[in-house]
Amino acid sequence: MAETNIAKLDEYGLLHAAGEDARAFLHAQLTNDVEHLRPGQARFAGWCSAKGRLLATFLVVPYSGGFLLQLSLDLVPAVAKRLSMFVLRSKVKITDATALWTQFGIWRPAAGEPMAVTEQDGLITVGIDPGRQLLLAADPSGGRFSANVPAQDWALAEIRAGRARIALATQDQFVPQMVNLELAGGVDFRKGCYPGQEIVARAQYRGAVKRRMVRLRGDALQPGQDLYSDDQPGQPSGMVVNAAGDEALGVLQTGALEARAAIRAQPGAAPFEILPLPYSS
């Protein structure tokens with residue numbers, strides 16, 4: 001890649017949470033600690049149903065105007081509406097801010113500290129990984145930047161980092177541990193209650209997670225697509241979470257993984273190669 005490459009991230013949307021109770025509200029709704037989130041520090045988190053299933057995954061970004069929540073674009077209208085239903089008497093407003101910002105993924109040799117947030121002149125920069133940053137540009141600030149690589153390059157980097165992005169095709173399918181959200185820093189088991197918290201905690205402490213996410217390489221896949229393992233022929237044993245190029249994140253039954261069974265897109269298809277993830281290799 002060139003020294004600085006830029007991808008325009010059109011598959012992501014943004015919600016804006018503002019008001020004097022915004023921090024407390026998000027803390028009570030999300031799987032991670034927002035109450036003690038320092039200025040200048042972003043955090044991954046999930047939002048669950050009462051049954052502990054993920055309705056969305058967020059990158060929570062504090063800034064001078066409140067909080068921005070990055071999520072899959074196809075979830076923005078429904079999540080904004082449903083999340084607003086829990087506001088009740090809290091002094092917080094949840095709005096769709098997607099059109100107010102342009103999102104870019106930037107590769108830089110010295111991208112700074114992961115999860116560090118800086119804000120200047122209508123630009124918010126978030127460290128994602130060493131060498132990668134998310135840039136949120138308040139329009140028309142986005143005109144200062146020009147993409148020179150496809151968004152798929154960013155999606156592939158996220159797959160290799162092992163970060164699941166819940167989309168419409170995978171909404172309400174997984175408890176956080178199934179997509180390794182706690183391993184990716186998106187769950188705080190010491191914080192107070194949130195929707196589905198009891199189920200998420202029980203899964204963690206009673207060993208009830210029977211599915212886990214792995215990285216796959218092989219035929220092109222789509223989010224929500226079924227996966228099959230040779231130890232259970234004829235019935236799905238997993239689901240694709242995200243995909244880019246010939247790589248994907250897929251949730252599979254732990255029994256199939258322990259048995260080292262071949263994983264396929266359909267019975268009889270070529271098996272996938274299972275690749276390491278940075279937090280479980």
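## Report on a predicted protein model

Leu26 touches Ala17, Val34, Phe67 and Leu69, leaving aside residues up to four places away in sequence; contact here means heavy atoms within 4.5 Å. This is a predicted model, in which local features need pLDDT of at least 70, side-chain atom pairs count only at pLDDT 80 or more, and totals for chains, interfaces and linings use all residues. Residues are numbered from 1 along each chain as its sequence is written, and side-chain values use heavy atoms, with hydrogens and water left out.

**Leu26 and its helix**

Leu26 lies in helix H1 (residues 22-29). Helices (H or I, at least four residues) and strands (E, at least two) are DSSP runs, numbered from the N terminus. With a relative accessible area of 0%, Leu26 is buried. Buried means under 20% relative accessible area, exposed over 50%, and partly exposed in between (1.4 Å probe, protein chains only). The buried residues of H1 are Ala22, Phe25, Leu26, His27 and Gln29. Their cover includes S2, S3, S5, H2 and S6. Arg206 is 180 residues from Leu26 in sequence, and the two C-alpha atoms are 27 Å apart in space.

**The whole protein**

The protein has 5 helices and 16 strands. Its radius of gyration is 19 Å, close to the 19 Å that the globule rule gives for 281 residues, so the protein is as compact as a globular protein of that length. The radius is taken over C-alpha atoms, and the globule rule is 2.2 Å times the number of residues to the power 0.38. Along the principal axes, the C-alpha trace spans about 55 × 45 × 30 Å.

Of the 281 residues, 53% count as buried. Among contacts between residues at least 6 apart in sequence, 69% join residues at least 24 apart. The accessible surface comes to about 12900 Å², and carbon and sulfur atoms hold 50% of it. Accessible areas come from the Shrake-Rupley method with a 1.4 Å probe; for residues, only the protein chains shown count as cover.

An open sheet of 5 antiparallel strands has the order S3-S4-S5-S2-S6. Strand S3 (43-48) and strand S6 (93-96) are its edge strands, and each pairs on one side only. Two strands pair if DSSP finds at least two bridges between them. On average, neighbouring strands of this sheet are turned by 30 degrees against each other, direction ignored. Helix H2 (residues 76-84) packs on the sheet, where it touches strand S2 (12-18), S3, S4, strand S5 (66-72) and S6; the direction of H2 makes about 20 degrees with that of S2. Axes are lines fitted to C-alpha atoms, for helices over the stretch in contact, and angles run from 0 to 180 degrees between N-to-C directions.

**A second sheet**

Another open sheet of 5 strands, with antiparallel pairing, runs in the order S1-S7-S10-S9-S8. Strand S1 (5-8) and strand S8 (117-120) are at the edges with a single partner strand each, so one side of each has no neighbour in the sheet. Neighbouring strands of this sheet are turned by 25 degrees on average, direction ignored. Helix H3 (residues 151-161) lies across S1, strand S7 (101-107), S9 and strand S10 (132-138), at about 130 degrees to S10.

**Strand S14**

In strand S14 (residues 247-253), 7 of the 7 residues are buried, so the strand is largely enclosed by the rest of the structure. In a regular strand the side chains alternate between the two faces of the sheet. From S14, Glu247, Leu249, Val251 and Gln253 point one way, Ala248, Gly250 and Leu252 point the other way, and all are buried. Leu216 stands opposite Ala248 in S14, and Asn242 has Leu249 as its bridge partner there. The hairpin of S13 and S14 has 2 residues between the strands, and Gly245 takes a positive phi near 60 degrees in it.

| Strand pair | Bridges |
|---|---|
| S3 and S4 (residues 54-63) | 6 bridges |
| S8 and S9 (residues 123-129) | 4 bridges |
| S11 (residues 211-217) and S14 | 7 bridges |
| S13 (residues 238-244) and S14 | 6 bridges |

**Cysteines**

The structure holds 0 disulfides, a disulfide being a pair of cysteine sulfur atoms within 2.5 Å. The cysteine sulfur closest to that of Cys48 is in Cys193, 13 Å away and too far for a bond. Cys48 is buried at a relative accessible area of 2%, whereas Cys193 counts as exposed at 62% relative accessibility.
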